[in-house]
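Dear colleague,

Please find below the structure that I am handing over to you.

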Amino acid sequence: MLGNAIAQLSQLIVVGATIAVTAWFSGGFQPSDIPLGQLARAQGVEFGTAVTTESLQEDAYRKLLVREFTTIVPEYEMKFADLHPAPNRYTFAAADELVAFARRHQSSLRGHALIWHRSLPEWLLQGAFPREALLGVMQEHIRTVVGRYRGQVPIWDVVNEAIADTIDNPQSPWRNTLWWRAIGPEYVEAAFRFAHAADPAARLFYNDYGGEGLGPKSDAIYHMLKLLRDRGVPVHGVGLQMHVDIAAPPDPDAVTANIQRLADLGLEVQITEMDVSLKNSMGSFEERFSAQAAIYQQMLQVCLNAPNCTAFVVWGLSDRQSWLREESAEDAPLLFDRAYRPKLAYEALRDLLETRSQ
Ligand code: G3I
């Protein structure tokens, strides 16, 4: 196992080093005229990032965001606790600000996330709602939120992370959440039907992590989605979050196979929250940035090669904004450094997109 990981990491470093040399000869890390988002959109893939209202206050951040990305995702402003802090009170100001920003800059927007086990308000957590009452709360929340942004938010992460991290019983792969305990696994179908009723034109996604390649969790997600599709439930796509680490890189062939079997179900796929952590690996920053760049490039290659992969979204614009820094201040998982300079990973995506554009 360890030998394998070291061999994989070494291989990634070699690939990444090639990228570094190419980038260096191509005149360093100055973004060229054609923004990544434009290059990606020409290949049928939206290039996006998670954003927050706080970050939008900074000029340098806003300029880079508008130039390089074509789609944005609210990092927390559209979550249950932030939109619906009290039973009869909704707070839309922050989400409205992000929707207005996207419209002003012709960015598309991913709504994230309607039903999740985290970011729930105390009134819901403490409410001990029985099954029918909780279904009523869910329906009213989804109808209110999706209805408000009907026609402005084309894609919703309707259910986030409903499958357990480890699958002890494939017949019941469910994460133990407030929704699952009170309603049962049927809460997933209910959420999608409520969202579709609120905006029949919206593309409705299931979003999760740890199921990007092939394995027990990926199989559980696939079987859940197959059942939903067989029952005519309006689920249109799958978000592969892609929170990965250079110490355990995703297998491009496995991710390709997984995306293909989801395509066979008629499902769109998007990479929705990619970041590539350095925290579990040793070596110089140069070596680690090289390995990181290779992983970003491999996953974009997988997405570009899959006709049903329509977005490549990273979970933050620069290392300064990454949620991973709460855990490790030294981590540097994204495409731009804390001074908003493009890193090797950015150059790796540019190299790939420019090569494919020729
Ligand atoms: O809610 C307050 C807001 O009122 C305040 O103005 C703002 C000031 O900075 O802070 C907000 O608080 C925190 C917010 O992050 C700041 O970004 C929330 O308390 C905190 O819970 C929130 O954490 C987010 C977390 O999801 C929970 O929503 C992280 O930023 C975000 O990166 C993380 O993202 C999740 C995805 O949604 C789902 N997949 C996993 C991913 C990582 O956990």
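In what follows, helices are DSSP runs of H or I with at least four residues, numbered from the N terminus. Please note that this is a predicted model.

I begin with the second largest pocket, to which that numbering applies. Helix α11 gives the most to its lining, with 7 residues. Both α10 (186-198) and α11 (216-230) supply at least two lining residues each. In total, 17 residues line the second largest pocket, and P173, W174, H223, M224 and L227 lie nearest its centre. The lining of the second largest pocket comprises 11 nonpolar, 2 polar and 4 charged residues. The space in this pocket amounts to about 330 Å³.

The largest pocket has a volume of about 450 Å³. Its lining consists of 20 residues; those nearest the centre are K79, W116, R118, W315 and W323. By class, the lining of the largest pocket divides into 5 nonpolar, 8 polar and 7 charged residues.

With kind regards

Definitions and conventions
Residues are numbered from 1 along each chain as its sequence is written. This is a predicted model: local features need pLDDT of at least 70, side-chain atom pairs count only at pLDDT 80 or more; totals for chains, interfaces and linings use all residues. Side-chain values use heavy atoms; hydrogens and water are left out. On a 1 Å grid over the protein atoms alone, a cavity is a set of points where a 1.4 Å probe fits but cannot get out, and a pocket is an open set with protein on both sides within 12 Å along at least five of seven lines; lining residues have an atom within 4 Å of a point. Grid points are joined across faces, edges and corners, and a volume is the space filled by probe spheres set on the points. Ala, Val, Leu, Ile, Met, Phe, Trp, Tyr, Cys and Pro count as nonpolar, Asp, Glu, Lys and Arg as charged, and the others, Gly among them, as polar.
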